[in-house]
Structures are given as C-alpha cells and as structure tokens.
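Reader: Could you walk me through the structure shown below? I would like to go from the core to the salt bridges, and then to one helix.

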Amino acid sequence: MWCPEGLDEVEAELLGPPEDLKGRDVLELGAGAAQCSRWLTAQGARPVALDLSHRQLQHALRIGVSFPLVCADASVLPFADGSFDLACSAYGALPFVADPRLVLREVRRVLRPGGRFVFSVTHPLRWAFPDEPGPEGLSVSGSYFDRTPYVEQDDEGLAVYVEHHRTLGDRVRDVVTSGFRLVDLMEPEWPDWNTSEWGGWSPLRGHLIPGTAIFVCERD
C-alpha cells in the first residue's frame, strides 16, 4: 500500500507487473515493520528491509520475516554498488533527512542500470494546512514555501521527531540532480470506497486537496 488513500501496488504496478517481481532484488527504505517487504516476498522477490529504528525492526521480527533486516542510515547504505534491481519507500526515510539528495544518490548507487526507485511522501501542499482531518484542516495556516523543519521535543528539549519540508519543485530537482530520470509523478485521488480517517487524512480533505505524492524514478 503506497499511501493512506489506499493505492495498492497490485493495482498501480509502479514497480512493474507482480509476475515480473519474481527473483528481483529489492531494497525497502524506511521499512518500519517491513510490510512492503512481506508483500514482495509473496510475489517471489528477494527484498531487504532497511530502517534506522532498531525497535521497528524488532517489531518486524516479532511479526515474522523470511528476508534480511538491516539497521542503517538510508543516507549511508551498507551495500555494494549495483546490488538491487528495484528500491521502494512508502512514507519512509526521505521526509526525515535534511538533505534527501544524500539518500537519492545512495539509492542510485546501489541500483543496477535500468533500476527503478519508487517512493511516496506526504504531498508538499499539505505543509501549508493544519494536520487535521476535519474542516479546520482546509484553511491555510502557514506558508507552503517555509522550509523550517517540524520538530517535536521531549521534556528535556531533545528532538524526538523531525520532519523536513520540500516543495514539489524541490522534490523534482532532488530526483533529477541525483542522477535519476523522473518517469512519473502521481497524486492519488481519494477513492469513494475509502471512508477511513487516519491522522490528517480523511474523505473530506482527500476529495479536495492531494495528500500523497509518489515519485517513480529510474537510473539509466
């Protein structure tokens, strides 16, 4: 699942037809509990799930895995050049680093020629709106062009959550200057069947403003 809107890889085929995934080496970045890697395994792929959080990977282990889990920084990937056919990230890694080009260049390095990287992030337009699912989330409350990171701190003033904002133009330039070719940029529409609310996502907001941007990139 690429996003809260409910776009399914079986339907979207952004990594290619499911039958073509068999035997492919795939890197999942910001894997969390490795849900995407489980789906890839079911298609016959050979995924590697990477996350910076050891606790997230422990959760993946508790659920059960049949593929490697790697605890590492996505901007310094511990893999040889040309190790993977594909890479994917569903709301992982990229929003949480100050310079996403470091991640993109590393992903390009570990992909084989012709390799594809697909990643989804919160749509940059959402930065200007409150993260609320109801009507209060439909009025602009800040500047879309303000790139000041969002930071949550604990009682001692230490950052426990940091998210960085990139405009849509920033994201496109990041992809291209990192050596990728941008094949597609998807902004999934909210489907009528999806009645769920999750965080700032809801049918009300989803029918009016985009919530997710999905970048489909290839290295030549």
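Predicted model: local features only at pLDDT ≥ 70, side-chain atom pairs only at ≥ 80, totals over all residues.

Reader: Which residues touch the most other members of the largest nonpolar core?
Author: They are Leu27, Leu29, Leu50, Phe79, Val107, Phe117 and Phe119, in a core of 27 residues. A nonpolar core here is a set of buried Ala, Val, Leu, Ile, Met, Phe, Trp, Tyr and Cys residues joined through side-chain atoms within 4.5 Å, and buried means under 20% relative accessible area, with exposed over 50% and partly exposed in between (1.4 Å probe, protein chains only).

Reader: And which elements each supply at least two residues of this core?
Author: Those are β1 (25-29), β2 (46-51), β4 (84-90), α4 (100-110), β5 (111-122) and β9 (212-218). Helices (H or I, at least four residues) and strands (E, at least two) are DSSP runs, numbered from the N terminus. Apart from this core lies another one, of 14 residues, among them Leu14, Cys88, Ile214 and Val216.

Reader: What does Leu50 touch, not counting residues up to four places away in sequence?
Author: Its partners include Leu27, Leu29, Val70, Leu77 and Phe79, where contact means heavy atoms within 4.5 Å.

Reader: Switching to charges, how many salt bridges are there?
Author: The count is 13, taking a salt bridge as a side-chain nitrogen of Lys or Arg within 4 Å of a carboxyl oxygen of Asp or Glu. In one of them Asp85 pairs with Arg24, with the closest N and O atoms 3.7 Å apart. Asp85 lies in strand β4 and Arg24 in the loop between α1 (9-12) and β1, so this pair ties together parts that are 61 residues apart in sequence.

Reader: Is Asp85 buried or exposed?
Author: Asp85 is buried, at 16% relative accessible area, whereas Arg24 is partly exposed at 28%. Both belong to a network of salt bridges that links Arg24, Asp25, Arg46, Asp85 and Arg112.

Reader: What about Asp220 and Arg181, how do their side chains meet?
Author: They form a salt bridge, at 3.2 Å from N to O. Asp220 is in the segment after β9 and Arg181 in strand β8 (residues 181-186), so the pair links distant parts of the chain, 39 residues apart. Asp220 is exposed, with 60% relative accessibility, and Arg181 is partly exposed at 40%.

Reader: Now α4, which of its residues are buried?
Author: They are Pro100, Val103, Leu104, Glu106, Val107 and Val110. Seen down the helix axis, the buried residues of α4 fall within an arc of 165°, so they line one face of the helix; the arc is that of the directions from the helix axis to the C-beta atoms.

Reader: What covers them?
Author: The cover includes β1, β4, β5 and α5 (168-177).

Reader: Last one, where is Leu204?
Author: Leu204 is in helix α6 (residues 203-206), and it is partly exposed, at 37% relative accessible area. Leaving aside neighbours within four places in sequence, Leu204 is in contact with Pro133, Gly134, Pro135 and Leu138.

Terms used: Residues numbered from 1 in each chain as written. Heavy atoms only, no water.
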